[in-house]
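Visitor: I am new to this structure. Could you show me how to read its features, one at a time?

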Amino acid sequence: MNYLSAENISKTFNDRWLFKEINLGISQGEKLAFVGNNGVGKSTILKILTGEIATDSGKVVVRDGIKLGYLTQQPSVDENLLVKDILFSESNEIARVVKEYEDCIHHPDVSPERMQAVLEKMSDLNAWDYDNKVQEVIGKLGVPDMDKRFGDLSGGQKKRIFLAQLLLQEPDLIIMDEPTNHLDLTAIEWLENYLAGPNVTLIMVTHDRYFLDAVANEIIELYRGQLYRYKGNYAYFLEKKASREEILRIEVSKAKSLLKKELDWMRKQPRARGTKAKYRIEAFYELKEKASVDLSRDRLELDINAARQGGKILEMEHVSKKFGETKLVDDFSYVFKKKDRIGVVGKNGIGKSTFLNLVTQRLKPDSGEVIPGVTTKYGYFTQESVNLNPNNRVIEEVKDIAEFITLSDGSTISASKFLENFLFPAEKQYTYIEKLSGGEKKRLQLLKMLVTNPNFLILDEPTNDFDIDTLNVLEEFLENFTGCLLLVSHDRYFMDHLVDQLFVFEGDGKIRLFNGNYSDYRDSLEEEEMMKANATPTVPKQEVVAAPVVTAKKKLTFKEKQELENFPTEINALETKKTELTVLMNSGSSDHKQLQAWADEIKTITESIDAKTLRWMELSELAGE
């Protein structure tokens, strides 16, 4: 079933065609991902598809009855609204009841009468499944307190609320612009699994390469105003794109060779040319157009001379930091070594950015010491572009630091030339910073950091607002960087390729050192979970060993005989306890904490009954009963 069609849509920006007469369609279950350089029009296409902006020509048709959900990069809402008011739509009766239920369980002083009425409404509308989804979404995305005012939240918290709002609306077609920005790694992995489900239809723009590979089943490249579609994931796209570009290069090369011969023919006397076939003249102009295809691509160039690094780089000795009663760093010690490449991972709000500010001495620890080496020169790339003066022109911002920049080979270039390497052409260099796009500001921020020739790079979420080509260049530069690297990033691909050890923030100020990259860390967590599962007998495991293990009967030990005799009594006691708890659950209690405790206990008892019953059957078989 076709959900949406875009026919011959075109859009101009500043008298320049972003794209012209392109066509697009999506059917149920398809997952499309747009890729391309910053500024080519990816976000513009999404806004046209959702009706946020009008197309210059063509039309977009959404099938009757199909509900669209759109996550934009910069959503807006009344700052005075509460989180719960944004999450739950008043037009949805089930959502309204769930909102009231959430309000009740978050306020222990609620009257028993109100709580009982809400529980009855939840049952009448079969809203418990929806509430389970609410709990999963807000829990996995880290949505803050429901009673918080929206205006008091951070940018990352606001983004997560809008993402939760979108998923709870359960749209037929989801359209998302950079959904992984401002999410921690755990939330990204959950969202990845959610969107990869068979019942999700999706159009998105993202630079997260692991996310693309796991979720998308079709990649659409927007390049020079045209769409190139690749049925497959991101890895397939890279392979086919390389083949397409190589074929184009060969075709252009052949066209240029043939054009010289055809040009001589076209320059002959008009009388001679007039006797020639018209089709050849038309073919000449087609050949000329093919030969004139520009194969060059604007590419960021990163090249600096890192300052010399001495033997002592940075020492952190028993460092602790807390805000109020919340411990963010607790008694942490580490001696940084040459060419350390360390990733910092942990949930949002757990203290990663605070830790970076301690490293760079922007914050003082409550106790302990941070001792940098004499030659250590920080380059700190933050999430916010606060170090840019919006009233400066681009060239002024760089010249305030240096007129000339030293490259890795010892040569120097002017600030203007260095800006060109960062994709700021001469005419763009005199633009005021306040008029730059988000991606351009990030590029300028990166440039300012590198101009100082640092030997210790500290990067806090550097991948936001950069396109994939720029990220590839940045990765290549960092791979060859000879100094220390400390990296916070939600981009798992970026992290995997650049770090070989991690600082893992586990909460309550605890930081664990892990040797390996992020994928190694995830593998180790899965192994730990498997070991725990194997250490604790579970029903499936016992089913495996309970099959036809032995054909010859063996005698039971004295201990096994006692175990077999006691099973009926133990199981009956558990069944009685389960019945008592079930009665309590149905008694109409308004204490939600007690209700949850009873539910957890019933689950534990049920698992115990199953395990004991299976063991009883196994011993009975061995005893020949």
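**Strands, helices and cysteines**

Guide: Start with β4: the bridge partner of L4 there is V62. Keep in mind that this is a predicted model.

Visitor: How many bridges join β1 to β4?

Guide: First, the general idea. Side chains in a regular strand alternate between the two faces of the sheet. Now the case here. Strand β1 (residues 2-13) and strand β4 (residues 57-62) run antiparallel, joined by five bridges.

Visitor: Which residue of β2 stands opposite L4?

Guide: I26 does. Strand β2 (residues 16-27) is also antiparallel to β1, and eight bridges join the two. Two residues lie between these strands in their hairpin, where N14 takes a positive phi near 55°.

Visitor: What describes two packed helices?

Guide: The angle between their axes and the distance between the axes. Take helix α5 (residues 128-141) and helix α7 (residues 185-195). Their axes come within 8 Å and cross at roughly 140°.

Visitor: Which residues make the contact?

Guide: From α5 come K133, E136, V137, K140 and L141. From α7 come A187, W190 and Y194. Five of the contact residues are nonpolar, three are charged and none is polar.

Visitor: How many disulfides does a search of the whole structure find?

Guide: A disulfide is a covalent bond between the sulfur atoms of two cysteines. The search of the whole structure finds zero.

Visitor: Is C104 buried or exposed?

Guide: Buried means under 20% relative accessible area. C104 has 1% relative accessibility, so C104 counts as buried. C484 has 0%, so C484 counts as buried too.

Terms used: Residues numbered from 1 in each chain as written. Predicted model: local features only at pLDDT ≥ 70, side-chain atom pairs only at ≥ 80, totals over all residues. Heavy atoms only, no water. Pairing = 2+ DSSP bridges. Helix = DSSP H or I, 4+ residues; strand = E, 2+ residues; numbered from the N terminus. Axes fitted to C-alpha atoms, helices over the stretch in contact; angles between N-to-C directions. Contact = heavy atoms within 4.5 Å. Nonpolar A, V, L, I, M, F, W, Y, C, P; charged D, E, K, R; others polar. Disulfide = S-S within 2.5 Å. Buried < 20%, exposed > 50% of the residue type's maximum accessible area, 1.4 Å probe, protein only.
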